[in-house]
Amino acid sequence: MIPRLIPAALFAVAALLSGCGEQPADSLPALGAQRDATSVSGISSGAYMAGQFQFAHGKDVIGAGIIAGGPYGCSQSVFADLIPGPGMALLNLNKAINGCMLNALQAFGVPDPELLAQRAERLAEKGRIDPISATQSDRIYLFSGKNDSTVVPTIVEAANRFYAEIGVPKEQIEFVADMPAGHAFVTVDRGAACDYTGKPYIVDCDYDQAGALLRHIYGALNAPAADITGRFLLFDQERFTDDLSNHGMGDEGLAYIPKSCEGDAACRVHIAFHGCGQNRTFVGDTFARDSGFARWADTNNLIILFPQTSASPLNPQGCWDWWGFTGSDYLTRDAPQITAVHRMLERLASTQPSS
């Protein structure tokens, strides 16, 4: 049964796995942000990366939005430690496609939230991610569209069970699964028809997903701005990756900085991870501008960080690494992509001038 699934699955991953030549406007500024009040979210591969960042740096992260993504560590093969290098990534990719997107390995117990929770505990015990207790107090927003055939709803339900397994109380988890959305980030009035799946992976379902997840994580917020007054900053990501190899990050990243955060306001940071085929190379600034995060940021002292991946022959759609193509540390604090993004967070939290 499984071999027949692989060709179709590879086509599906092309959608999941699957700009801009302008010069960086500036370096990422030091704004004295509250590092320990950071939140994360992501769609698709970005959802998996949001979870990975959340566990790696649990002491900094207070909540996560997982949109069309599954449980932490879902793609890791039981044989991964026995086959280093590209072989490991290939094994993981097969499991990622069939078991963590299409739910084709359900008969074999994949995904297994209880087992994945135990693996996360072991990583924490080894000091490779922050203590699990740091994540148990987080507030979790989960979303699955009823018409999502790329990452099917049962996979997101497995993420729901995984968070319960690691000890996140039920009242801290919001799981939205009743909307006829495709595989996409959902907005009030931007993007394609609600059930559409395709670039730029933004759909109009008359639902403010950015606001819903931010309110769930942070609690009561001021109403969003009708018109944003802050700035989108294109910044140089290379300074955050210059000693990292095989990192898969783009040369430039994007951040939205409200006017209040340029001054004395102690702003919080929300890190929004794009999906496959949704970085600036493929869709320009559409995800950053049409997702709606900036409108909420303007009135609530929030900096929105939109880190960017790069496409490559092994990762043609510029996905975040949730199956190990950057190396065996991909789930941990030492993962090159997690390291780079955390350095960006440290920069925003710093009060020191750029060197």
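Is Cys 205 buried or exposed, and at what relative accessibility? Before I answer, please note that this is a predicted model. At 12% relative accessibility, Cys 205 counts as buried, because buried means under 20% relative accessible area.

A search of the whole structure finds 4 disulfides. Counting the bonded cysteines along the chain, the pattern is 1-2, 3-4, 5-6, 7-8. I shall discuss three of these links.

I begin with the link that holds Cys 205. Its partner is Cys 194, with an S to S distance of 1.9 Å. Cys 194 lies in the loop between strand S6 and strand S7, whereas Cys 205 lies in the loop between S7 and helix H7, so the pair links distant parts of the chain, 11 residues apart. The angle about the S-S bond is 100°, and the link is right-handed. Cys 194 is buried as well, at 14% relative accessibility.

Next, I turn to Cys 74 and Cys 100, whose sulfur atoms are 2.1 Å apart. Cys 74 sits in the loop between strand S2 and helix H3, and Cys 100 sits in helix H3. This disulfide is left-handed, because the torsion about its S-S bond is about -95°. Both Cys 74 and Cys 100 are buried.

Finally, Cys 276 is joined to Cys 319, S to S 2.1 Å. These two cysteines are 43 residues apart. A torsion of about 125° makes their disulfide right-handed. Cys 276 is buried with a relative accessible area of 3%, and Cys 319 is buried with 0%.

Methods. Residues numbered from 1 in each chain as written. Predicted model: local features only at pLDDT ≥ 70, side-chain atom pairs only at ≥ 80, totals over all residues. Heavy atoms only, no water. Disulfide = S-S within 2.5 Å. Helix = DSSP H or I, 4+ residues; strand = E, 2+ residues; numbered from the N terminus. Buried < 20%, exposed > 50% of the residue type's maximum accessible area, 1.4 Å probe, protein only.
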